Amino acid sequence: METVVSGIRSTGNLHLGNYYGAIQNFIKMQHEYNCYFFIADLHSLTTHPTPENLHNNVKQVLVEYLAAGIDPEKATIYVQSHVPEISELYLYLNMNAYLGELERATSFKDKVRANPDNVNAGLLTYPVLMAADIIIHKATKVPVGKDQEQHLEMARTFGNRFNRLYNHDYFPEPYAFSYGSNLVKIPGLDGKGKMGKSEGEGNAVFLSDTPEAIRKKVMRAVTDGGPTVENQEKPVEIQNLFDLMAVVSSPDTYEHFDNLYNTCQVRYGDLKKQLAEDMIIATAPIRARINEIANDAAYLKKVAHFGAEKARESASKTIREVREIIGFRSF
Ligand code: TRP
């Protein structure tokens, strides 16, 4: 069975875009592959979180992933820092990662531009740690978005370089994976691009949002003056609302409002009310589980320990072999 690895950065709450764009794929993959899903807390150190923030963010992501349906009995779900073998492999890979190629990475250049006073070495070697995350389990499939393509290419480079250096066909090549046409677009509520937590207040609907918060955000979504000609094309901000409706509402509801729009009878207030109620229905079970799991410290502890154990089983086997290949031998 092929192995899947994906890392989730522990920054902030999950929104509908994360859920429909990524997590639903994880949930499907966990039945079909040997899956490792981890929380990338070592990566988060590049921005120097306080100990409280670090811990709370890791916990929040763990809680929300479990609540959304990632099953710790099916997939191995763990916290990156609980598997020290990853850091060891990162050290070995760093010896064969070159300054030039690391400096050329788009994500590095973006971060330097955004934070010129915090250009630390961890930022530079972020792709090396990511490569270690993936190849420590000899994964071949990595469900990530387009923005991670270059990192995956670097992971292949570092793995292949290791293989060549030691003349050993050891690490397989990892590739980005998605279920074909299954990439649904989840727009935000600001009438512009995709849903994201950095796109401004009110643009994203979080899985943990209360019904009141969802209603408020949706009612404030950007609209226009309404259609004036029958069957006219929808402007972006209106199409966005229909795209969201396509995901959370029933086909009948979608068709109903689509017909109203096409006959110039649509009332955006009604449409938004319906959209908000359907979002509330879609997220209610997840929100209930978030609250339940967040308060169950014993369960979280059990899941984290179980996941770390399973991940370390796989990681320590790789590290044992890698040490041997490199030439570290016991006396
Ligand atoms: N870089 C990824 C992101 O920003 C997170 C990540 C870290 C990751 N390690 C990984 C993703 C390993 C896939 C596999 O989203």
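The legends below describe close-up views of one predicted model.

**Conventions for all views.** In this predicted model, local features need pLDDT of at least 70 and side-chain atom pairs count only at pLDDT 80 or more, while totals for chains, interfaces and linings use all residues. Residues are numbered from 1 along each chain as its sequence is written, and side-chain values use heavy atoms, with hydrogens and water left out.

**View 1. Strand β3 is covered on both faces.** Strand β3 spans residues 76-79. Helices and strands here are DSSP runs, numbered from the N terminus (helices: H or I, at least four residues; strands: E, at least two). On one side of β3 sit Thr76 and Tyr78; on the other sit Ile77 and Val79. All four are buried. Buried means under 20% relative accessible area, exposed means over 50%, and partly exposed lies in between (1.4 Å probe, protein chains only). In a regular strand the side chains alternate between the two faces of the sheet.

**View 2. Strands β2 and β3 run parallel.** Strand β2 covers residues 34-40. Four bridges join β2 to β3. Two strands pair if DSSP finds at least two bridges between them. Tyr36 has Thr76 of β3 as its bridge partner.

**View 3. His48 and Cys264 have positive phi values without being glycines.** His48 has a phi of about 55 degrees. His48 lies in the loop between α2 (41-44) and α3 (51-68). With a relative accessible area of 54%, His48 is exposed. Cys264 has a phi of about 60 degrees. The loop that holds Cys264 runs between α12 (251-262) and α13 (268-294). Cys264 is partly exposed, at 29% relative accessibility.

View 4. A salt bridge is a side-chain nitrogen of Lys or Arg within 4 Å of a carboxyl oxygen of Asp or Glu. Arg113 is exposed at 61% relative accessibility. Asp110 is partly exposed at 40%. Side chains of opposite charge can pair when their charged atoms come close.

**View 5. Asp258 and Lys234 form a buried salt bridge.** The closest N and O atoms are 2.7 Å apart. The pair links distant parts of the chain, 24 residues apart: Asp258 is in helix α12, and Lys234 is in the loop between α10 (211-219) and α11 (236-248). Both residues are buried. Lys234 has a relative accessible area of 16%. The two side chains also make a polar contact at 2.7 Å. A polar contact is a pair of N or O atoms within 3.5 Å; within protein, one must be able to donate a hydrogen and the other to accept it, and residues adjacent in sequence count only if both atoms are side-chain atoms. Leaving aside neighbours within four places in sequence, Lys234 is in contact (heavy atoms within 4.5 Å) with Gln239, Phe242, Asp258 and Tyr261.

View 6. Asp270 is partly exposed at 33% relative accessibility. Arg267 is exposed at 57%. A search of the whole structure finds 14 salt bridges.

**View 7. Domain 1 meets domain 2.** Domain 1 is 3-177 + 297-326, and domain 2 is 211-291. These bounds come from an automatic or database domain assignment. Taken over C-alpha atoms, the domain centres are separated by 36 Å. The contact takes seven residues from domain 1 and eight residues from domain 2.

**View 8. The interface of domain 1 and domain 2 buries about 650 Å².** Buried area is the accessible area (1.4 Å probe) that two parts lose on being put together, summed over both. Carbon and sulfur atoms give 77% of the area. Leu16, Tyr20 and Ala67 supply 68% of the area that domain 1 buries against domain 2, more than any other three residues. Across the interface there are zero salt bridges. One residue pair is in polar contact, both at pLDDT 80 or more. On the side of domain 1 that touches domain 2, α1 (16-29) and α3 are the elements that give two or more residues. Helix α3 gives the most, with four residues.
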